[in-house]
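Work through the exercises below with the sequence and the model open. Each task is followed by a solution in steps.

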Amino acid sequence: MAELKMGTTYEPKSFEEKTYKKWEESKAFEANVNKEKEPFTIVLPPPNITGQLHMGHALDHTLQDVLIRFKRMQGFEALWLPGTDHASIATEVKVLEHLRNTQGVTKEELGREKFLEHAWAWRDEYGSRIVNQMKKLGNSCDWSKERFTLDEGCNDAVTEVFIRLFEKGYIYKGYRLNNWCPDCKTTLSDAEVEHEEKSSNFWHIKYFIKDSDEFLEIATTRPETLIGDTAVAVNPDDERYKHLIGRTCILPLFNREIPIIADYHVDLEMGTGALKVTPAHDPNDFEIGARHNLEQIIVMNEDATMNHLAGKYEGMDRYACRKALVKDLEEAGLLVHIKPHDHNVGTCYRCHTVIEPMLSDQWFVKMDELAKPANEAVKNGDTKFVPERFDKIYFSWMDNVRDWCISRQLWWGHRIPAYYCNACRTVHVSREMPEVCTKCGHTEFTQDPDVLDTWFSSALWPFSTLGWPEKTPELEYFYPTNVLVTGYDIIFFWVARMIFSGLEQMGEIPFKDTLIHGLVRASDGRKMSKSFGNGIDPLEVIDQYGADALRFMLCTGNSPGNDFRFYMEKVEAARNFANKLWNASRFVLMGLEDHDYTLKGDENLELSDAWILSRLNAVIDEVTHNLEKYELGIAANRVYEFVWDEYCDWYIELTKKRLWSDQKEEKVTAQKVLLKVLKDILKLLHPFMPFITEEIWSHLPNTGSDLIVASWPEKVAGYAQVEKEKEMQMIMEAIKNLRNVRAEMDVKPSRKARIIVMAGDEVKSLFIQNESYFQALASASELNAAGDKSEIPEDAVAVVTNGAELFLPLADLIDFEKEIERLTKEQKRLESEVDRVVKKLSNEGFVKKAPDKLINEEKEKQRQYQEMLDNVNERIAAMQAKL
């Protein structure tokens, strides 16, 4: 017998790290241009270098790894291209915080060059942390092709795209109202603004008409901005205010005259129907101001404090100004009333500070022409969302897309390739600093200080990572990619931008499918977050339960597009499943000898052998089909059910008699089937649970290669035997029913009993031929066939099953003398309980003092005990009659 080197217990720590190193050393993850194979490509959504692996990453990466391992085993040249994102705002904030805490300096004190040295040093120190965490999870990425959004190649791609779009007139610089974060001190695109519901007020303020006691009542949620008001607008069809159009009113507290204008933007039903217009601090007011050529008065600094135009409020924070200004309005008799109002407020997606609309010079991408083909690509099915319903989110954003503000007032990032002539200020967009100004001939230039929005470089990720703008063999072979796996929360941040960028630069969609997954929520349904204190560190889960348990739980709980709740109990259940697989594999391997255990097809198979091979065929088909459809949760659950319910609980149990017998041919046949099914189980499970399957695989005979590069199992035509499955199903149903009856009668499994079969000839023959199955799993001593009921003992217990009636002689199930002895003890106990309750209820002192509730409880006890005693007495009498 061969020595079994597989550990006695499942200890993932003993092999997970070792297994990952083996994969890396064998270059199992690497994919290269191979014209003889079809490529399958996934680009990893690059996590921020500031980040740490969280449960959302764990889900996202597990789903991608399942797909890439599946396709690799199917024979595709499977590339999972990894990388990390420089994350402009997030990283700059981290570096600034580090500098403040360690050196007490600001970036302005350091200067740009020195600050960037610190940023790169920070990246070198911390940037690899999340990569190492990904490896702990089991990510089978091609690390030889790892990219960084600020590496030289990606930087060249960003510069090239900027210049191409600029030359086509799609990039321009404009003085526009933008989303401004006062904390991060940079502009944000619309997609980077998150809306949160906040409780606030409508302040109703009097704007007096010049030279009149008449006033307009204006309702505003932002009274501090009235300092920048340059008009009051009313709807031209509003009968209340037609007589005031063209006149002027007096700005409260500041006594400045502003015109009353007519504009159809004003909603007749909203508020009072009169709208204060602040073009420099509200996007709708900016549009009204443009239509009426109104002055734009900026009243705030970049940190959202009030500027010199705010008079006595100069230097105050915007909210302190609001409080002071409202107090002054009230004292001046200009405040009509305050009405509570809940509304959505835009906040920075990074720091959650309330954004401030601010006028500034920024760079923009014109979206109209870029959006059209990107919309058509989804409508035509060139690229598809899974589930399909998410195309509505995509269209909703793309149909209403505004020009994209791409400049950021930061130092860490892709610096905008625009150079200003120091003499005439003409802007030159070029790959390198120009030598001479084309307008005035001057030779000194200053580069634009701003950097590009992080999402600008991320939008190029599917092709920049493959070598674009160079026409590399990798780009030609692996692009377009096959599937993007991501959450629904960045469809407009990233997915839409990759689609229009791919179409514009490559002339092709960047990926054929977009698999959308939901969020991993806490067990109470809330979003996992640091602020809620309910986040669960996946690395801690891996340390306690192993990576496979976490991965399998994330897959089985997942369906495309839907959020799901994280329960630690489900991780424990996944670990129990891994333990079950480990023990089953050890059992299969224990009896193996130096023998060729390849199933050749000429073996004399039993019914259970034919059944499990036929079921294996069906499971291979179902799992493959569901993985192709991206139904990873259904696929994982199907393997789980097959392993636990069919292979372990039925087939292994049914083979034990043959494995322990002296009949070598029967034993070897059982071992061949056990091994064949186990090998295919490990293949089916490998994408979901790579570590344990690879470790078990390494102990199997005649495998030929590591499991990670083994071929995906395929159906074998000869294994599909529907009739054998039906026959086995009849036997299994009969055994389940027999077990249920024995359990109801509290008969121990060790007590054997005869089974008498009444059925048609075919079913009767089937059951008798497979008597050993009933002996193994239904505690049968023997199976006898009966022609009619006259051959069945009167006291036999009947079990009805599909196509047959089975009878268990009562005498075989019960030792009457021992049962009478047990029941007599129970009789005495119940008599004592009845006597105790009767005495208690006969006690006048108890009945007088005790509350009605307690008395009623004692009466109910008496009834229950008496009923139980009567049943025991009946059973004793029946038993004694049998003796």
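**Exercise 1: charges over rings**

The charged end of R69 sits over the ring of W23, 4.5 Å from the ring centre. This is a predicted model, in which local features need pLDDT of at least 70 and side-chain atom pairs count only at pLDDT 80 or more, while totals for chains, interfaces and linings use all residues. Residues are numbered from 1 along each chain as its sequence is written, and side-chain values use heavy atoms, with hydrogens and water left out.

Task: State which residue lies over the face of F395, and at what distance from the ring centre.

Solution. Apply the rule: NZ of Lys or CZ of Arg must be within 6 Å of the ring centre and within 35 degrees of the ring normal. K379 lies over the face of F395, 5.7 Å from the ring centre.

**Exercise 2: aromatic pairs**

Task: Classify the pair W120 and F148, then the pair F552 and F688.

Solution. Step 1: rings of Phe, Tyr and Trp (its six-membered ring) pair if their centres lie within 6.5 Å; planes under 30 degrees apart count as stacked, over 60 as edge-to-face and the rest as tilted. The rule gives 39 aromatic pairs.

Step 2: the ring centres of W120 and F148 are 5.8 Å apart and the planes stand at 80 degrees, so this pair is edge-to-face. W120 lies in helix α5 (residues 112-126) and F148 in strand β4 (residues 147-148), so the pair ties together parts 28 residues apart in sequence. Helices (H or I, at least four residues) and strands (E, at least two) are DSSP runs, numbered from the N terminus.

Step 3: buried means under 20% relative accessible area, exposed over 50%, and partly exposed in between (1.4 Å probe, protein chains only). W120, at 34%, is partly exposed, whereas F148, at 4%, is buried.

Step 4: for F552 and F688 the centres are 6.4 Å apart and the planes at 90 degrees, so this pair too is edge-to-face. F552 belongs to helix α17 (residues 547-556) and F688 to the loop between α21 (664-685) and α22 (690-697), so the pair ties together parts 136 residues apart in sequence. Both F552 and F688 are buried.

**Exercise 3: the setting of H57**

Task: Locate H57 and decide whether H57 is buried or exposed.

Solution. H57 is in helix α2 (residues 55-73). Its relative accessible area is 15%, so H57 is buried. Leaving aside neighbours within four places in sequence, H57 is in contact (heavy atoms within 4.5 Å) with P47, Q52, T62 and I130.
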